[in-house]
Amino acid sequence: MVTEKRGEYLLRLSLTIDPAEIGVFYPFLMQGFQVVVRVGCSIRELLCDQFGIDNEYVLGRITTVFQNGKAIDDLDAAIVRDGTRLTLSAAMPGLVGATMRRGGFYAAMRGSITHKETGESGLSGGGTITMKLFNLLLPELGPDFLKVGIGVAAADLADFFAKRPSTFWRGCRQLLLDGKPVEPERLMGGEAFFGEGTVWLSVTCWKEDKEPARN
Amino acid sequence: MDKIARIDMGAAGGPKVTVGPVGEYAGLGGRALTSLLIAKEVHPLCHALGAENKLVIAPGMLSGTTGSMTGRLSVGCKSPLTGTIKESNAGGQAAQVLARLGYAAVVLEGKPEGDDLYKIFINKDGIQVIVDNSLKLLDNYPVIEKLRGEYGDKVAYMSIGTAGERKLLAASIACTDPELRPTRHCGRGGVGAVMGAKRVKAIILDDAGMKMRPPVDPDKYRDANRKFVEGLRKHPVTGEGLPAYGTNVLTNVLNEAGGYPAYNFKGGQFPGSEKLSGEAQAQLEIDRGGTATHGCHRGCVIQCSGIYNDKDGHYLTKQPEYETVWSHGGHCGIDDLDTVAMLDFMDDNIGVDTIEMGVAIGVAMDAGIIEFGDREGAIRLMKEVQQGTPLGRVLGSGAAVTGKVFGVERVPVVKDQALPAYDPRAIQGIGVTYATTTQGADHTAGYAIATNILKVGGDVDPLKTEGQIELSRNLQIATAAIDSTGMCLFIAFAIMDQPETFQALLDMLGSFHGITMTGDDVVALGKKVLSAERDFNTRAGFTRHHDRLPRFFYNEPIAPHNQTFMMKDEELDEVFNW
Ligand code: SF4
């Protein structure tokens, strides 16, 4: 995976946190985060080849996929383009859950919002896409995305740090801004990101120092 | 379950109880029993709140057994909200206890003179109907608190709140959960108003001294149940998604799909949706010392519910379901889970359907009574319902009445029942069910997604849009059948994807009754129920012209996909042609 936004300098914030706190970052993953990828490939290539997610996991677990708000039935046919919004979810309950399922029996019920590939070629090379992860995929894929890094709005990050209780900060082992240690107060007050649009955030759990990460 | 109790509330000299054999309704349960009985015995043109209407309370075919997921209770009547036949079902403990007491149904008939209020006590020795005016104008939580002082904690309670006593059209019937909280409601269609019209405030069900219902083939039943539970546990939806996040896990996905109706169906996405999401809700519940995993009755292994505590860690309500979070949340422009949870508690306490109530408040917002997004205003309106003020009575009579009283054009109802949380312009297939169901707009009427494995109606190409009519038909047939078993509809995912789990369900039904049950039998049962319901509605004056969505769905495209509802009337008319 490419880890920087193409042609643009991004402030990089790296945190090493208590593993018990990883879930507090999941709202960023639900709301939408940016990643820089090679575009022009299929969604399956993006997930398996670029993100390194196991093919079996993609087929069996990521059963509901939206591209720009339209339901995807064929991961090999849908092309990733610069600016794509890609949303991944595990299986959903109920009729509508079944309806949204990739290639599912009830796909016809949402025919009008099904993604249809236009055939226009996607750009090749690097591009920025917005991703969202929902439900069971949050704890299963979230830590890896956070470890590699995600682009998030500086304002959202400032708001997030302002709300963190002291227990969060006590659990942090390392806070680095562009590779240099930064005081929690500068993050809490938001001044560390003043004037920035997007911040490149990477989060590692200190337990992972000893244990190899997934994938 | 070989007997039916009929309680004539209007008998000369006071309510009269007759217990007789189940007769022609033998072998039926749940919706099959309520609908066939209503269709046969209730005059379709009767006033729903009059003496001619009947309220049928029926456990499912497998309720009261050791089988998992078997605790759904069906309540049927002619609906005062829709004027159609109605089956409304709920979890809680009541179905299990009533079934163990041996009743296939309890039927409330007639209507007493005067304004005495009654409670009905049912145990192994029989049925007592007792005047208890001390319960007058109490809401559900205080009613149960009071009754627990008298009948204790080893019983199941059904009750109506003040909305039912006032015969509001959104009134529900509450069933207590394993913790004896009145949180599980037969919500839709105003069934609580029918119970209120018959002046019955509460039913106390005591199965002390009764045993589990014995299967004809106990070994086979035990084995089938074990396989059924294994199947539920291993499926990602029933074994992981629903226990972790509940039904509200749908909020994020529906919003992403542009099918989440916001601001009274003016948009397909709501900006604050992630704050209302199941993911956020589960985390909040856990952080506050509640739980995101809880069963509405003993024997539920999916446990899609939870306990929602307030900021101080005190119990506020059960985990609000997706439809509730939507109706009080995005539909009303409210993005705060604590407000939604408070409204959910008030719904349960006053005894109103959360969908009907939330949609009515959204319609009132559209009329300018309060602003969209006004959290305190929404709670204030609910207090009006609780106090029975004129405004409260209008709102408590549902979205259609509210829209008429305040001159609102965009009123999302079919047959006067409020649409649930899925916009039919984005998900056209669900619009077919909303329009044509015998029940008024109801998402659960076509919910049993296991139609492929049930082999309902032959093969449909799911990727062709023309298949939608057939899909909706098949879904409605399958749902009518599952609603009759007493099984929770959430089993459908596991039986759709895992043939062995479906077989286990058939084996449970078969070994319990000592018969061989096939998919065809299930389909035949579903068709029989739907045919009886359609026949009742026809005789009640409903025609194909009632099987339509409100015009704004055809005229107003919804963002972000800018779609209108495109199914043709002639296509909708084909749904029940089998
Ligand atoms: S899955 Fe949910 S609704 Fe169904 S029985 Fe269990 S707790 Fe009740």
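This is a guided tour of a predicted model, stop by stop.

**Before you start**

Residues count from 1 along each chain as its sequence is written, while chains are lettered from A and ligands numbered from 1 in the order in which they are written. Because the model is predicted, local features need pLDDT of at least 70 and side-chain atom pairs count only at pLDDT 80 or more, while totals for chains, interfaces and linings use all residues; side-chain values use heavy atoms, with hydrogens and water left out.

**Stop 1: chain B as a whole**

Select chain B. Its C-alpha trace spans about 60 × 55 × 50 Å along the principal axes. A compact globule of 578 residues would have a radius of gyration near 25 Å, and the 22 Å of chain B agrees with that. (The radius is taken over C-alpha atoms; the globule rule is 2.2 Å times the number of residues to the power 0.38.)

Switch to cartoon view. Chain B holds 24 helices and 17 strands. Both are DSSP runs, numbered from the N terminus: helices are H or I with at least four residues, strands are E with at least two.

Of the 578 residues of chain B, 68% count as buried. Buried means under 20% relative accessible area, exposed means over 50%, and partly exposed lies in between, with a 1.4 Å probe and protein chains only.

**Stop 2: the ligand**

Now select the ligand. Where does the ligand sit? It is in the largest cavity. A cavity is found on a 1 Å grid over the protein atoms alone, as a set of points where a 1.4 Å probe fits but cannot get out. A molecule sits in one if more than half of its atoms lie within 2 Å of its grid points.

Show the residues around the ligand. A residue belongs here if one of its heavy atoms lies within 4 Å of the molecule. Among them are Met69(B), Arg72(B), His294(B), His297(B), Ile302(B), Gln303(B) and Phe490(B). Look also for the cysteines Cys296(B), Cys300(B), Cys304(B) and Cys488(B).

Colour this shell by class. It has 7 nonpolar, 4 polar and 1 charged residues. Here Ala, Val, Leu, Ile, Met, Phe, Trp, Tyr, Cys and Pro count as nonpolar, Asp, Glu, Lys and Arg as charged, and the others, Gly among them, as polar.

Next, pick Gly299(B). It is in the loop between β13 (291-294) and β14 (305-309) of chain B. Its relative accessible area is 38%, so Gly299(B) is partly exposed.

**Stop 3: strand β9 of chain B**

Select residues 156-159 of chain B, which form β9. Are its faces covered or open? Both are covered. Ala156(B) and Met158(B) are buried on one side, Tyr157(B) and Ser159(B) on the other.

Now bring in the partners. Strands pair if DSSP finds at least two bridges between them. β9(B) pairs with β12 (residues 200-205) in the antiparallel sense over 4 bridges. There, Ala156(B) has Leu205(B) as its bridge partner. β9(B) also pairs with β10 (residues 173-175), again antiparallel, over 2 bridges.

Step to Lys167(B), in the loop between α4 (162-165) and β10 of chain B. With a relative accessible area of 35%, Lys167(B) is partly exposed. Its C-alpha atom is 6.4 Å from that of Ala197(B), 30 residues apart along the chain.

**Stop 4: loops of chain B**

Go to Thr82(B), between β4 (73-78) and β5 (85-90). It counts as buried because its relative accessibility is 7%.

Pro560(B) is in the loop between α23 (552-555) and α24 (569-572).

Check two backbone angles. Leu137(B) is not a glycine, but its phi is positive, about 55°. Find it between β8 (126-131) and α3 (140-151). Tyr263(B) also has a positive phi, near 50°. Its loop runs between α8 (250-256) and α9 (273-276).

**Stop 5: chain A**

Finish on β8 of chain A, residues 174-177. It runs antiparallel to β1 (residues 11-17), joined by 4 bridges. Ser14(A) stands opposite Leu176(A). β8(A) is also joined to β9 (residues 180-181) by 2 bridges, antiparallel. In that strand, Leu176(A) has Pro181(A) as its bridge partner. The hairpin of β8(A) and β9(A) has 2 residues between the strands, and Asp178(A) takes a positive phi near 50°.

Methods
On a 1 Å grid over the protein atoms alone, a cavity is a set of points where a 1.4 Å probe fits but cannot get out, and a pocket is an open set with protein on both sides within 12 Å along at least five of seven lines; lining residues have an atom within 4 Å of a point.
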